[in-house]
Amino acid sequence: MRILNVCVIGHSHIRRLRDYGMQTETDNLNLDPEVFKVSFRGKGGLRLNKRVFRSEILHFDSIPDVVFLQIGENDICENTNSEKLARDIISVGQYLRDGVGVKVVIIGQLIRRMQFASCQNFNVFVVQTNEHLKRFAEPLGGIYFWGHRGFWKDFHYLGPDGVHLLCTPAEDQPMRKFRRSIRNAVILHSKVLRPPLCHPKREPGEMMWQLEDYHQQHHQLK
């Protein structure tokens, strides 16, 4: 059985997730290494319009089967057009699918921030952009929108800077939840590439109904 290559791309959330994985020995998204091989391309402050994004981040010597893309938050400013931002993000997914040859592209829901750490109406733009992304992705084959559950009701998941996910030795649940969300996105959407022969390995404390629940509700914003 061929191992599926997965690349997780994005801004500092992804860089921090990679570091967290190395610290907790879950650097493969806690996925079976005989089924998935996961790599990370995370760069702090990454924006869609930065030259480094296309010249380095989106350049592949070996084409991955699956790409998870978490980007867009750093592009929001006071005069953001949320529909244009969503179309720009979708265009990256189309480039990965049509230009690079990635079979499955998953676009992660933009994550809100504390008001003091962002521009005015930042979270309004986030909500609007996510709604556009969900709508634009629905008719596209091979490009999917993924809603991160547990990052919508309040801001308890954020650290003191109001931007990044809380991740300390005493409290790392938000980062574990973020990892689990991306992990489930990869498991569920990679099924189109290879029907599963058995249930995927579960994380500690995770039940199969949670994976099934993700499958039914990943497109909804929570």
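Biologist: What should I know about the model before reading it?

Modeller: The model is predicted, so local features need pLDDT of at least 70 and side-chain atom pairs count only at pLDDT 80 or more, while totals for chains, interfaces and linings use all residues. Residues are numbered from 1 along each chain as its sequence is written, and side-chain values use heavy atoms, with hydrogens and water left out.

Biologist: In what order do the strands of the sheet lie?

Modeller: Strands (E, at least two residues) and helices (H or I, at least four) are DSSP runs, numbered from the N terminus. Two strands pair if DSSP finds at least two bridges between them. Here five strands form an open sheet in the order β2-β1-β3-β4-β5, with parallel pairing. β2 (36-42) and β5 (143-146) are at the edges with a single partner strand each, so one side of each has no neighbour in the sheet. From one strand to the next, the twist averages 20°; angles run from 0 to 180 degrees between N-to-C directions, and axes are lines fitted to C-alpha atoms, for helices over the stretch in contact.

Biologist: How many bridges join β3 to β4?

Modeller: Four bridges join β3 to β4 (residues 104-108), and these strands run parallel. Val66 stands opposite Val104 in β4.

Biologist: Which helices lie on these strands?

Modeller: Contact means heavy atoms within 4.5 Å. α3 lies across β3, β4 and β5, at about 160° to β4. α5 also packs on the sheet, touching β1 (4-10), β2, β3, β4 and β5, and its direction makes about 150° with that of β5.

Biologist: What span should α5 have?

Modeller: The expected span of a helix is 1.5 Å times one less than its number of residues. For the 17 residues of α5 (residues 173-189) that gives 24 Å, and the end C-alpha atoms are 24 Å apart, which agrees.

Biologist: Is α5 enclosed or open, and why?

Modeller: Buried means under 20% relative accessible area, exposed over 50%, and partly exposed in between (1.4 Å probe, protein chains only). In α5, 14 of the 17 residues are buried, so the helix is largely enclosed by the rest of the structure.

Biologist: Where is Phe60, and what does Phe60 touch?

Modeller: Phe60 sits in the loop between α2 (51-57) and β3, and is buried at a relative accessible area of 12%. Not counting residues up to four places away in sequence, Phe60 touches Cys7, Ile9, Arg41, Val67, Leu96 and Val100. Phe60 and Val100 are 40 residues apart in sequence but 7.9 Å apart in space, C-alpha to C-alpha.
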